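Subject: Structure handover

Hi there,

As promised, I am passing the structure on to you.

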Amino acid sequence: MDAIFSAVFSGDRTPYSPAKFLYSWWQHAANLASYEQQDAHEFFISMLDGIHEKVEKDKRKSQSPGSGDCCTAHRVFSGILRSDVMCMVCGFTSTTYDPCVDISLDLEPNQGGSGKSSSAKSHNSCNVEVDCKGPNQNCGISSLKGCLERFTRAEKLGPDQKFFCQKCQVRQESLKQMSIRKLPLVSCFHVKRFEHSSIRKMSRKVDRYLQFPFSLDMTPYLSSSILRSRFGNRIFPFDGDEQDASNDLSTEFELFAVVTHTGRLDAGHYVTYLRLSNQWYKCDDAWFTQVNESIVRAAQGYMMFYVQKVLYYKESENQATS
């Protein structure tokens, strides 16, 4: 990775092939080696973990990724999720915090449903389980904002998921709600387009179109906003510096990269669209072409990367003056 950045900023205009990076990556992650198609999201998470592990090994110390400053990968991508589980009898709330480097979102269902199902997060990736949808699952349109609203919506846990209430001292029916306590500098949203059903013993690709904004305000999905909506302006429900935990920077984000997937579950192709100085470029293997904004909007988003707006425009100004 260091060699790639050195080559990009060296001023050399000849084409660069990241062959050494690919080879070193195969050595690090044997499960992603070979020329078979691999999942872009899995590669992204594995790459950030690899950078983190390398830095930790070099520094010969151990820091929690939840701190957000342990390595370059987490300084850029690491945020913190808040999970509240509230007893429906007495109102007692159990709160936990989890670091994450991305948020995986279900596409909105075409018809009414029970909302998102139980959360199942990996070590660094914050995921929400996929709901099994009907045969018309590929029809209709979803939106990124709708997916985020669904992700932060309060949901009633099933009878088999009753949580032990410390106040009632018994297992009770409960509500669970996710929110974002701390925003990262770069927010990555992963759309769960690959469904795996153990009941139907089948897997499939969800091709439904997803609308995603070029500018995104994350304020409605912050813990401070969620708690204020739940409790009003009363101060006591907030924990510590919850109101100020969003970030020192802005809650306004700008889209700068979209990873798309075309094809079937077992055979397909990845293309990336990049935004540089307000101009979009299509990166298709070795081919880089300038494209209109409308092409990007029509793309089938699989991963979307948003950067804090103040950082995006600051970088644009630097490029314009250089």
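Helices (H or I, at least four residues) and strands (E, at least two) are DSSP runs numbered from the N terminus.

This is a predicted model, so to speak of local features I need pLDDT of at least 70, and side-chain atom pairs count only at pLDDT 80 or more, while totals for chains, interfaces and linings use all residues. Residues are numbered from 1 along each chain as its sequence is written, and side-chain values use heavy atoms, with hydrogens and water left out.

**Confidence and overall picture**

The average pLDDT (the predictor's confidence in each residue, from 0 to 100) is 80 for the protein, and 75% of the residues score at least 70. Residues 111–137 fall below 50 in pLDDT, yet this stretch has 77 contacts in the model beyond near neighbours in sequence. By contact I mean heavy atoms within 4.5 Å.

The protein has eight helices and 19 strands. Of its 322 residues, 42% are buried. If you take the contacts between residues at least 6 apart in sequence, 66% of them join residues at least 24 apart. The accessible surface (Shrake-Rupley method, 1.4 Å probe; for residues, only the protein chains shown count as cover) is about 17700 Å², and carbon and sulfur atoms account for 53% of that.

**Helix α6**

Helix α6 spans residues 223–231, and its buried residues are S223, S224, S225, I226 and L227. These pack against β1 (79–87) and β9 (174–182). L227, found in this helix, counts as buried because its relative accessibility is 1%. The C-alpha atom of L227 is 9.0 Å from that of S179, although the two residues are 48 apart along the chain. S225, which also lies in α6, is buried because its relative accessible area is 17%. Leaving aside neighbours within four places in sequence, S225 is in contact with T219 and P220.

**The nonpolar cores**

A nonpolar core here is a set of buried Ala, Val, Leu, Ile, Met, Phe, Trp, Tyr and Cys residues joined through side-chain atoms within 4.5 Å. The largest one has 33 residues, and those with the most contacts inside it are L144, F189, F212, M218, M304 and Y306. Two or more residues each come from β3 (102–105), α5 (144–151), β9, β10 (186–191), β15, β16 and β19 (301–308). The largest share is from α5, which gives four residues. L144, apart from its neighbours within four places in sequence, is in contact with L105, F189, L210, Q211, F212, P213, L216, M304 and Y306. Another core, of 21 residues, lies apart from this one and includes L48, C188, V259 and F305.

**Cysteines**

The structure holds zero disulfides, where a disulfide is a pair of cysteine sulfur atoms within 2.5 Å. C188 is in none, and the nearest cysteine sulfur, that of C100, is 9.9 Å away. C188 is buried because its relative accessible area is 2%. C147 also counts as buried, because its relative accessibility is 4%.

I take two strands as paired if DSSP finds at least two bridges between them. β15 (residues 252–263) and β16 (residues 268–276) pair antiparallel over seven bridges, forming a hairpin with four residues between them. T262 has H269 of β16 as its bridge partner.

Next, β16 runs antiparallel to β17 (residues 279–284), with five bridges joining them. Here Y273 has K282 of β17 as its bridge partner. Two residues lie between the strands of this hairpin, and S277 takes a positive phi near 50°.

Finally, β17 pairs with β18 (residues 287–291), antiparallel and over five bridges. D284 stands opposite W287 in β18. This hairpin has two residues between its strands, and D285 takes a positive phi near 55°.

Happy to talk any of this through.

Best wishes

Note on methods. Buried means under 20% relative accessible area, exposed over 50%, partly exposed in between (1.4 Å probe, protein chains only).
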